[in-house]
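Subject: Structure handover

Hello,

Here is the structure I said I would pass on.

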Amino acid sequence: MGKKIKEEGFVGSVILKIIMILLCFICIYPVWYTLIISLNDSSDAMRGGIYWFPRKFSLESYRSVFQDKTIMRAFLVTILKTLIGTTTSVFFTAMVGYAFSKKNLMGHKAYMILGTITMFFSGGLIPTFILIKNLGLFDNFLVYIIPSLFNFYNMIIFMTYFKELNPGLEESAKLDGANDFKIFVRIIFPLSMPVVATIALFNGVAHWNDFFTGVMYINNADLQPIQTYLYRVIASAASSKTVVAMPIGITAQQVSSTSLRLATMVVTTVPIIIIYPFLQKYFVKGFMIGSVKG
């Protein structure tokens, strides 16, 4: 009987591993396929039949990407909005979380109820668009920064973490004459680097991947991030047979619009793919912190 149970457990383990391998393949292969096509000669790739490795290796697609000033400008916008947006959002949300961690905050319960409602219901796209336009943020770089300054879910994570800190630290600082802002900046925030890293990663990934803000609120090509640029190129190619303009020195025979789009996708995705494995533990820790709400 024990041997039969052991055999059944072994078979179940093998089946589970096979299923996991198939799921990993389904997730990884589209990325791999995009990479090998972008590394293949464009005219050769149009023949098809490439599945695992480049048949005719070529870096012309990537050369054209890095020679395109529009793409490089869009990359700069993406980097700036990710760095500035992440920094400001983490600091602002942490300040609000510190205030909410105090039980004597006036209207604490009312604010929590109102904030919780916003986690499940939003004002809608049209009211949001009207608000953004009336605030003067349309076609403005600050549209990437100001609307994302505060996130209620991230605030709950900060609040929960701050409640676990030793209250004696604040009492000692107050005896020395420090006010709440100095206590937060000089004591609480430096001691909260684990949760700060967690929220920074949340915000950084969201800012880097965000294309919708650029689509909705940006018409100026100089202010569009790389994700919005890529979205518009793909949408344009899907709706028509528009030829993508090639940088100087690159001919249509060397680089097709398809290979250019794929190369742009790879260049856009690689930074976050490289960073994510090293910071993945902070995602897990962040969810664990947020799962315990006081």
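Overall fold. This is a predicted model. Of its 294 residues, 36% count as buried. Among contacts with a separation of 6 or more, 72% are between residues 24 or more positions apart.

Confidence. The mean pLDDT of the protein chain is 77, with 79% of the residues at 70 or more. Please take care with residues 240-254, where pLDDT stays under 50. The model has 22 contacts beyond four places in sequence for that stretch. Where pLDDT is low, predicted coordinates should not be read in detail.

Nonpolar cores. The largest nonpolar core is made of 17 residues. Phe 158, Phe 162, Phe 184, Ile 188 and Ile 199 have the most contacts inside it. Two or more residues of this core come from each of α4, α7, α9 (180-188) and α10. Another core lies apart from it and has 16 residues, including Leu 39, Tyr 62, Tyr 229 and Ile 272. As background, nonpolar side chains tend to be buried together in soluble globular proteins.

Thr 86 sits in helix α4. Its relative accessible area is 11%, so Thr 86 is buried. With neighbours within four places in sequence left aside, Thr 86 is in contact with Lys 81, Ala 200, Asn 203, Gly 204 and His 207. Val 266 belongs to helix α13. Val 266 counts as buried because its relative accessibility is 12%, which is under the 20% limit. Beyond its neighbours within four places in sequence, Val 266 is in contact with Thr 34, Leu 35, Ser 38 and Tyr 62. Tyr 62 is also one of the residues of the 16-residue core.

The largest pocket has a volume of about 970 Å³. It is lined by 32 residues, and those closest to its centre are Thr 128, Pro 147, Ser 148, Phe 150 and Asn 151. At least two residues of this lining come from each of α4 (69-100), α5 (108-120), α6 (125-134), α7 (152-163), α10 (193-209) and α11 (212-217). By class, the lining of the largest pocket holds 18 nonpolar, 12 polar and two charged residues.

The second largest pocket holds about 420 Å³ of space. Of the 20 residues that line it, Met 265, Val 266, Thr 268, Thr 269 and Val 270 lie nearest its centre. Two or more lining residues come from each of α1 (2-38), α10, α12 (226-239) and α13 (257-290). Helix α13 gives the most, seven residues.

Regards

Key. Residues numbered from 1 in each chain as written. Predicted model: local features only at pLDDT ≥ 70, side-chain atom pairs only at ≥ 80, totals over all residues. Heavy atoms only, no water. 1 Å grid on protein atoms, 1.4 Å probe; cavity = no way out; pocket = protein on both sides within 12 Å on 5 of 7 lines; lining within 4 Å. Points joined across faces, edges and corners; volume = space filled by probe spheres on them. Helix = DSSP H or I, 4+ residues; strand = E, 2+ residues; numbered from the N terminus. Nonpolar A, V, L, I, M, F, W, Y, C, P; charged D, E, K, R; others polar. pLDDT = per-residue confidence, 0-100. Contact = heavy atoms within 4.5 Å. Core = buried A, V, L, I, M, F, W, Y, C linked by side-chain atoms within 4.5 Å. Buried < 20%, exposed > 50% of the residue type's maximum accessible area, 1.4 Å probe, protein only.
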